[in-house]
Each structure stands twice: as structure tokens, then as C-alpha cells.
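Look over the sequence and the structure shown here before reading the report. The headings name the topics in turn.

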Amino acid sequence: MILPNNKAFVVLLAFFSYYVFAKIGLLFAIPPGFASSIWPAAGVGLAVYLVSGRWALLGVFLASTLANYQVSNIIGNPFSIEMLTLPTLLAFGTALQLIVSKQLLIKFCETPIKAVSLTSVIRFLLIVGPVSCVIAASLNATSISLMNSLSLPNTLFIAFTWWVGDLLGVIFFTPVILSIFENDYYQQKKDRLRIAIPAFMLFLLVSFVFYLSRVNYEESRHDQFEVETSSFSQTLNILENTITQQLIALQGLFNSSDEVRREEFRLFSESIVNPNVKVRALAWLPKVEGRNRNAFEINVEKDFPGFYLKQLIDGETKPAIKQSYYLPILFSEPLASNRGAIGLDVLNHPIVGPTVRKAINTGTMAVSPQLALVQQQESYNAVVVYYPHFKNGYVKGSGNPEKNLIGIFEAVIELDQLVESIYHQVENDSFTLQTHYLQDQQTTAFFNFNFRDDGLFKIESEYSFFDTELLVLFSSSNKFDQESIDWSSWLIIVVGCLVSTFSVIFIIVMTNLSEMLEDKVGRKTRELKEKNTELLKANEAKSRFLANMSHEYRTPLNAIIGFAQLGKSDGNTKKSSEYFEQILNSSKFLLGIINNVLDFSKISENKIILEKQPFSVSKSVDTIYNLLKEKASSKGIVLETNKGNVDNYLVKSDSVRVEQVLMNLVENAIKFTAVGNVTLSTSLQGVKKNRATLVIKVKDEGIGIPQDKIETLFDSFTQADESTTRRFGGTGLGLAIVKQICDAMDAKIDVYSLSGQGSSFEVNIPVEIEPIDNLESEDLTPKKNSLSNLIDTVDKKFLFNALVVEDNKINQLIASKQLELLKVKSKLADDGQQGLDYLATHKPDIVFVDLHMPVLDGFSMIREMKKMLDLAAIPIVIISASVNHEDKEYAKILGVNDYVTKPFLLEELSSVIDKLLVQKSQQ
């Protein structure tokens, strides 16, 4: 998308873009004194500047000035130049940051930036964004600090939060906007919305989580603030109850005595005064009948010379006018500060008179409106609580309660002192307050105790105070506000924006990766075509190398096995036959180990190929026993076997893998046992029809395994203790191979061991079984026309003529001797060409061919034979050390009759010749 390059349009675009996103950024501000957690305007302003050019700076400057002016000044205040000073300084820092950002981008990033250029992306994230955002953070924090006389810690705090907010805005919003519009600093040719839409959704998601976190946190802090202010209500109730109890106590005093003297009243008042309750006076106002006025004044004048009943008339104290009865203040304690009120009649008082009559008529306590006391005319903040005293108590509905009135008690309260005492008793620095004393829903008194209009939390509560109301406005203190900084929400928005930033960058990279790959493919296609032939040749060389390596180790092993079988057949003594038997068994085991080591990568990748052939577990146990009994005996260990019921069945499974499991477990037990017994137990459990579970148990009395090492026991190249590798030897592959084989066979292996008390391994293998009785007449009985029958019945004549094509002289000797044992006469050829030369004049019954030979290899010889009509029908058997699957498949394609892998056994040759004999007898 290309934007118009008109200067006015650029200024307006930059102005409105920055201003709108500045307003959005204010939604992420976390008070008090926090810069916004993320400032989208910083990234949007930079993007607009990079896309539209230098005129965008003017729009950003004006927008920043307006936005900061609105934040730092209360709307409605008269405009002044001084009010623009701080917003202008902040806008200057913002504009300077954009200029520095552009220069850093040009210097450290290869422009235009390619999304797949990780170097440029990382430099933008780690250099351009962080370094440039220091400009506005440092300059603007300094300006705010100087204008408001902030401390250094507060200045650094503002600078840090400002830097974080700008950084998040730059690294998130700038790449997104640059990917949408055409510019010289970033290349995005297609799929622009694929970047913008996910980025927008991510920002909305993070904003929503931030909003939920803020709402939850503010609610929790508001609840906490309510808890803090509840102490005021509790204290107010206590004070009200205290005043009530004091007035009731005075009533009790007068009920207990027919005449209470002034000294008695003083002492009793002092005894019930609570120093925490600021009551100016407790007083007694007796009912004085009009006819008894003179006598009353004469009697009181003894204590107060010049005493007379007085009333407040037109704001002045004058002698009381004649009336039916009076309620003058007679006793008032403490007297010293309340002497001026003695003799004042309250019945017709212009302010408290209605309250007095209300108390008399209702028989309850009543509170007067706010008034100035006679004894303290300069302060207009007192209220009086009145409590009437009747003869025989107040009778509701009597019609004339004044008739039984004895007098009235009063408690004089200065509201400012009362509220201040509550405030100090609470001793809570979490809030400030304003109080409004309400009379008929109108405020008649107002008190302010450090009330903060800018507190983060405010609560308005109305409390009953006797028969009036006290309205209290609570505002959080600066200390409570500072403790209310929502770090959790700040971390949510910061971490969320960082995750979103990397997600957006990942989207940008992946969006552009296809295009980059296409370009690379286009550039590399020619090179790949040129190197294709070389790669194919290298692959063929690799295959040949593996085949040759297989051939090299299998060829000498073939000689060992072959000579062992020949030696066993020609052995003159039973002892020598046993020796050859041991060599033969060891060679078989060595072959299995070699195969396992080579197949280890396949086993690890679960690519092991299992064969299912009937075999005798009993014979496998005997084989393992014969192989390891001398090794056990040499260490003074007794090797025991317990075959259970396995003698009665043939098990259909992979005999090589089962024997490998047996071998590894028993050998491992012997290795880690110094003295004692090693027991190999086998059994078939859960026998049902043709299925059962083959259970193998190997128990030793060795060093045992610590419990914390059992979990890693089956890891490759691992032993329970690294020191055991040096002490006992071994590669650490044995148990790993056992575990992999068990997994491939759907078997389960368990370990039971304690350190120093030996170990027990149990393997459970699901298998198919057949009773041995059912097999004797089929698989185990020699078939008619089989080679074993013919060898027993035929004289010393040869059954076949064979050609053996083999380049290794030892293998030639072994093959010829083994064939001779099988009544097969053989001719030898050193390579494929010699074999073809022989076939040109001779036609044997069977041809045995090796694959890897000089001059002419086996496959080449076979191809030539298949081309000749007189040779194409001759049975061909490959005898090779190659185990490649490809070689075996290719042999089938060429029509090879059989494939025997070196090293081979006499039984394998016998089986091959058996098949050919059957075919010949059927012709």
C-alpha cells in the first residue's frame, strides 16, 4: 500500500495517528505516577516517520504536545503559555527520539530490512529499539522532575517505566505498520494482512488480559481500602456508645439519691470520663418551676455570687423571662471551662430549644444543631446531646411528659475535636477524610483532615450519630496509593507484548520464508543440477563402503564358523568335539553381537525387523548356559537354570532376539556379582490355545542398583554408577538393547533391586506356541527325498556337481569341504569371469556365487548366465557377506534361487540342497 506524498496529508496523518494511539496508550497507564505500560504512539509515530518522511515529525510534535497538555492540565483551567512548557518539552523529546531511531536503523541494519535476515531483525530488537527509546525516557523524565521538583528515585522510576512503554510500542507496532505500507526500510511484497490481522488479534488478547488483571486488582485494593476505613465506623460507634453510657450513668446517680450535690456530681463525672472521648462538658439541668425561681436563684447564688437565670435572646445573654418552668444549667463539669454556661436556660434557647423539647417528648436522646457555646462564642462547631430524666421513668403516650420531668442531662461535644480524636485513635495512614455534619439532609458542619482530591480510591459513607447523620468522605493516602502500584498487571502487559512481538516477528519471518526459499531455489537450481551426479556417485560410494565393511568382518567370521563345524565333524575325541562346539557357539554369539551393534541405530529408531520362527527356548537356555558357565565358574559364581515348562513347547518368535535378551541379562548379572548365585528361570504362563507369555527371570546376588538409578538403567551408554564402567567394564549398551528389543516385541521388562542386595530382572514376552508332540510328525521328522535320508541310504556317491565361485581361498576350502559332507562334488573358480569360462564347457547341477569379487562380480556373472539359454536354467545360490536389502531384492529380480548370508552353517547349506533335491525329484 502506497501513501500520498502531499505534505499537508503527511502532517495530518502523523498528527491523528500519533494522537489516537496516544489516547489508546493512556488506557494502559498504571497509577500512581506511572508512564503507560506500553506506548503504541511511539511505534506508530516512528513507522509513519519512516514511511512518509520528515514532515511527519511536525505532525508527531503537535500531537504529542496536545496529548501531554491534556494529561498534565485540568480541562477548564484558563490557558496560559506556562501551561504549554512541559508538554512542549515532552514533544521535543519524542521528535528527537524518532530522528535518532531512524539514524540507528540506517547504521546498524541493512536497509531495506528483509524479514528473513535474522541479523537485521535482532539488531532492530536489541539496538535500535532499546537505545533510541532512552532519548525520550531520559529527557522527558528529567523535564517532569525539574518542573515538579521530584526526587532522584522518582525520576529514575519514571524514566524506566517510560523507556519500557516506548520500547514495547516500537518493537511491536513499528514492524507491523512497516509491513503494511510501502517504504524504503522494510520489504514486504505480499501477504500483508496475514501479518496485520494476527498482530491486531494478539494485541487485543494481551489488552483483554491486562484489563481483567487491572479490574481484579483494583477491586481487591478497593476492598482492602474499605477494610481500612471500617475502623473509623467502629470507633465512631464506640464514641457514641461511650457518651450514651455516660449520660445513662448520670441518670443512675440521680436515681440513687434524692439530692445530688455539686461536689458529688463533680467526682462522679470525673470517674466516668473517658480520655479518648473528647466531650467538652457533662451537665445537669434541673426542672425549675416558675414559682420557685427566686428561691432557686438565691440558693445557687451561695456558690455563684450574682447568679440568675438567663436566656439567649437575639444573640445576647439576658435575664430569663417569666415562664411556667425553666431548664437551667446547674452542674457542668469540668466547671472551669464551662462556668459561663451556669444558669443558662435551654428550654427556650433559639437553637437547642427544639432539640430539648424533642428529647422530652420522645423520652430519648436528641442531638442539637451546630451552635456556638455561651462559654466559647468564637467557635461555632459544638453540638449538645440531651437526655431527659423523669420521675418514675418516661411513660410513652402519657400526653404530658413535662409533668413528670425532673430535669435533663446534656453532653456538650465539639465536632472538630470529636472527629479529630476518632482520626487519631484509628491511627491509620491509609486514608484521609472529610466529614459533613448533617441536619435535615443539610451540611451544617464541615471538617477536613488532609483530604486528597487526587486519591486513587474514594469512599463515601454515612453514619448515624444519635438521631442525626455524619457523612464521611474517605480518600486514599499517598502511602496507600504507592502501595497500590499494580506490578502484576504491568508484568502482564510487558511480558504479553514481548511474547506478541516475537510472535509477530515469527509470523513475518515465516510469511517471507516461502519467498526467500523460492529465490534460493532459483539461485541454487543450477548448482544442484551440476552436483546431482556427484551426489549420486557419493551415495553409491557410501553404499559400496557399507557393503564392503559388512563383507570384511563377515568373511573371517565365516571361516571361523566353517572350520569349527568341519572340526566338530572330524573330531577324533569327545573333548575336541566339545571345543569345536564351544568355538561354534561363541562364533554364533559373536555374529549376533555384531548384528546388534550394526542394527543399534535401527533399534533406536524402532525400525527393528523381527522374524517369527519356531524354536526351542530350552535349547536357547542351554546355549546361554554353555557359553557363560565357565565365565561364571571362573569368578566363583554358581550359574543355575530353571526351564519350567518350556521343554514341552516350541515358541514362535525371533530366536536371535530372545537369545540376545537372555545373553545380555545373564552376562550382566555375572558381571556385577562377586560371589553367590545367578539364576536363569524360564516358563510359559497363561497358556491358552496357541498363545502364552514367555517369562524370563534373571536373579543375582550382586551389588544391586540404587533406587534413584533405576529410571536411567535402560539409557544408552549408561550404567547405574559411572565408576562401575571402570570397575566392571562394558559399553553400557546391553540393557539399552534389551529394552529396545522388548519394546519391539511388545514385551514388558521390570527390575527389582536394592543397593547391596542383588537384582532381579523379569521379562514378559507374548508368544505363539505349539506342543512338541504335534510337530514331531511334521517339521521335526525328515521328509522323504530329503538330503539326510539320501546320505544315510546312498553309497559314497556324489548327489550333485556344483560350481563354487568365490575369490577367498579359505572360503573356497570351507565351501568345498562342507559340500563334500553333503555329498556334493564341487569345482572352484576365483571370480565371475573364471566361472563363466568354466560354464562355457561344463554344466553343473548348481552354482554357488559370491557377490564381491575382482574382475567380474557375482551379479554381473549371473546376468551373463541368464542371457545364455543353456545356462539360464541352472539353479543359482548366492553366498555373500552382503546383508543389504537391495542386494536381496535385486537377486530375486535376476531369478536367483536362494540367498545365503555369510557366515553360514552347514545346516543352511543342507536346507538349500534339500530344496533343490525335492525340485529335481519332481522333474
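## The antiparallel sheet

Ala382 has Glu414 in β11 as its bridge partner. In this predicted model, strand β10 (residues 382-390) pairs with strand β11 (residues 405-414) in the antiparallel sense, over 9 bridges. Both strands belong to an open sheet of 5 strands, in the order β8-β3-β11-β10-β9, with antiparallel pairing. At the edges stand β8 (331-333) and β9 (366-367); each has a single partner strand, so one side of each is left without a neighbour in the sheet.

A helix also packs on this sheet: α8 (residues 262-272) touches β3 (281-286) and β8. The direction of α8 makes about 35° with that of β8.

## The parallel sheet

Another open sheet has 5 strands in the order β24-β23-β25-β26-β27, and here the pairing is parallel. Its edge strands, β24 (824-829) and β27 (898-901), each pair on one side only. From one strand to the next, the twist averages 20°.

Within this sheet, strand β23 (residues 800-805) and strand β25 (residues 846-849) pair in the parallel sense over 4 bridges. Val804 has Phe848 in β25 as its bridge partner.

## Helices across the parallel sheet

Helix α23 (residues 832-839) lies across β23, β24 and β25, and runs at about 150° to β23. Helix α24 (residues 858-867) lies across β23, β25 and β26 (876-880). The angle of α24 to β26 is about 175°.

## A pair of helices

Helix α2 (residues 40-52) packs with helix α4 (residues 85-108) at an angle of about 60°, and their axes are 10 Å apart. The crossing of these two helices, α2 and α4, is right-handed.

Which residues of α2 meet α4? They are Ala42, Gly45, Leu46, Tyr49 and Leu50. Sorted by class, the contact of α2 with α4 has 7 nonpolar, 3 polar and 1 charged residues.

## Cavities

How many cavities of 30 Å³ or more are there? The count comes to 4. The largest cavity has a volume of about 190 Å³.

The lining of the largest cavity consists of 13 residues, and Ile113, Val121, Phe124, Pro175 and Tyr186 lie nearest its centre. Three helices, α5 (118-148), α6 (152-180) and α14 (487-570), each supply at least two residues of this lining. By class, the lining of the largest cavity has 12 nonpolar residues, 1 polar and no charged.

Methods. Residues numbered from 1 in each chain as written. Predicted model: local features only at pLDDT ≥ 70, side-chain atom pairs only at ≥ 80, totals over all residues. Heavy atoms only, no water. Axes fitted to C-alpha atoms, helices over the stretch in contact; angles between N-to-C directions. Left-handed = near helix turned anticlockwise from the far one by under 90°. Contact = heavy atoms within 4.5 Å. Nonpolar A, V, L, I, M, F, W, Y, C, P; charged D, E, K, R; others polar. 1 Å grid on protein atoms, 1.4 Å probe; cavity = no way out; pocket = protein on both sides within 12 Å on 5 of 7 lines; lining within 4 Å. Points joined across faces, edges and corners; volume = space filled by probe spheres on them. Pairing = 2+ DSSP bridges.
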